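Grab the model and work through these exercises with me. Each one comes with a solution, taken a step at a time.

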Amino acid sequence: MIKVEGLTKRYARNIAVNDVSFEVEKGQIVGFLGPNGAGKTTTMRVLTCFMPPSSGTATVAGFDVLKQPHEVKKRIGYLPETPPLYPEMEVGEYLTFVGKLKGVPSSELKRRVDEVSERCSVSDVRKKLISKLSKGYRQRVGLAQAIIHNPDVLILDEPTSGLDPKQIIETRELIKNLAGSHTIILSTHILPEVEQVCEKVIIISKGRVVAKDSVENLTNRLRGAEAVAVEVEARDGQPLTAPEVQQRLEQIPGVSRVVFKTERDRRLQFEVESLQGRSIRADLARTVVEAGWNLNELRAVGLSLEEIFLQLTATEAAAGGGQQ
Amino acid sequence: MRNILVVFTKEIKSYYSSPIAWLLLTMFAAIFGFFFWNAVGYFVSVGLQSQMMGSGFPMDMNEMIIRPLLMNVSVIGLFLIPMITMRLFAEEKRSGTMELLLTSPVRDIEVILGKWLAAVTLYASMLALTALNFSFLFMHGSPDWKPMLVGYLGLLLQAGGLLAVGTFISTTTKNQIVAGGATFGVCLLLWVLEWVAGYETAAWAKVLAYMSVVSHFEPFSKGVLDSKDIVFYASLIFLGLFLTARSLESLRWRA
């Protein structure tokens, strides 16, 4: 549904997004995770055709954001970090306006406004001025405007930021309910939010994608898992291929992932990650030796994600107080 | 076309649901009312004088009341126009609704035209107030309505040009006061440029005087439709709207 390739956005002095590539399939909820200033908003702004990329391509439902922005815009619902609301309008009036702007036919407009008001639970404030609404209601009106034209893709920039814990839970529920009929990308810097809402995660830091994975894999990797660098060599110049070793290593109990790194002088280097709280170094060594290979190196390496995760959890602790 | 109407309707509603429109209308009605009262008072006193002298030369309402009043409106407009345009884009930029407009399936030019037309409509509704005052002239005399119509057309064209420039300036900042102040400066400058023609006849002075929006209005106030002046105002409108479109585009690139 969404395909981003080599996306780069340069400003005069810095690079906000650097060579970002990812794909999102239809109906998926994808979390865009990263600390503040990582480039989440910029990527989303490119996807919504708010700003063009410096290089690289992005397509939404098969339409290029640069060449066919009109078609892309018709298919995207966007909730920016601050909901784009007009304080002097009533909620119903505002939703009607956005509906017209998004090209909802007049014959369906009233029905659509009723529907999204119901869905985002803002029916009871339809006659209220937006300036009189609480933050939680504003966020919901923001969501309602994003889905008014029943878009294929929903892009939500920090949809729960600044809400109190109860409102956060309500908003997450609402987003989960919207999945299925819409493909959703939501950005956040709060890890548990991703766990609760999303199926897939893209972690972005300093403008680069540092990890893309399913939520389960990622949380396993982040929670007390260890990563070990292993170098294996065949004994007596016997032929040895990477897939062969990889398969063997994957069978070790407690191993979650084996990544082939490089081959140098017939030495094969792997990075092996364990499941949560499992120590695998002993088993690893035994397996390699028993297979009749040389074990040249076995070294614990720090998870590169750990650092980011620390940053993220620190932010979550601050956000837990309801402020950011 | 539908999109222009959507934006236009929204702008009109927000003008009239905020104090801006009502403040402008009230101020304009008061100022114009004063000028009108003055002009009529002067007309009446001159009329009495000429009667006492027994000469009783024919007095022309168009020449003595309507024309100077239309000139006054043209200048009052310079002061009020910044207040009409200053919020158009600055407000959207500040509140973040710009993102909504620029990510909706509407063309930039449709947004610009919708907003500009709303501004022109608000100005036109101010002009409509003058009809109330002028109707007294028709009750007690018989001024010619055709030159008046040309005068109104001129006012609309002049305001259209300045409103387009103001719309452009509004896209350049998030701050309404900055937008309003800058627009006021430009309006004022475009007015006083003609003064240079009073003492200087060199080519550069002619060019400067030509750029003055008020000097181009003078023929309209007399009921003269000159294509030269219409072209001037049309160019100003086009220039303002064109710059607005370019400014929005550059906003996307810089964002």
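Two strands count as paired if DSSP finds at least two bridges between them. Keep in mind that this is a predicted model.

**Exercise 1. Work out how strand 3 and strand 9 of chain A are joined.**

Step 1: locate the strands; strand 3 of chain A covers residues 29-33, and strand 9 of chain A covers residues 200-205.
Step 2: count the bridges. There are 4 between them, so with a cut-off of at least two bridges they pair.
Step 3: check the direction; the two strands run parallel.
Step 4: pick out one bridge. V30(A) has K200(A), in strand 9 of chain A, as its partner.

**Exercise 2. Find which strands of the chain A sheet stand at the edges.**

Step 1: write down the strand order, which is 6-7-8-3-9-10 in an open sheet of 6 strands with mixed pairing.
Step 2: look at the ends. Strand 6 (76-79) and strand 10 (208-214) of chain A each have a single partner strand, so one side of each lacks a neighbour in the sheet.
Step 3: Helix 5 (residues 135-147) of chain A lies across strand 6 and strand 7 (153-157), at about 165° to strand 6 of chain A.

**Exercise 3. Describe the make-up of chain B.**

Step 1: tally the elements; chain B has 11 helices and 0 strands.
Step 2: get its dimensions. The C-alpha trace of chain B spans about 75 × 45 × 30 Å along its principal axes.
Step 3: check burial; 38% of the 255 residues of chain B count as buried.
Step 4: turn to contacts. Among those in chain B with a separation of 6 or more, 81% come from residues 24 or more positions apart.

Key
Residues numbered from 1 in each chain as written. Chains lettered and ligands numbered in written order. Predicted model: local features only at pLDDT ≥ 70, side-chain atom pairs only at ≥ 80, totals over all residues. Contact = placed C-beta atoms within 7 Å. Axes fitted to C-alpha atoms, helices over the stretch in contact; angles between N-to-C directions. Buried ≥ 20, exposed ≤ 12 C-beta atoms within 10 Å, placed from the backbone.
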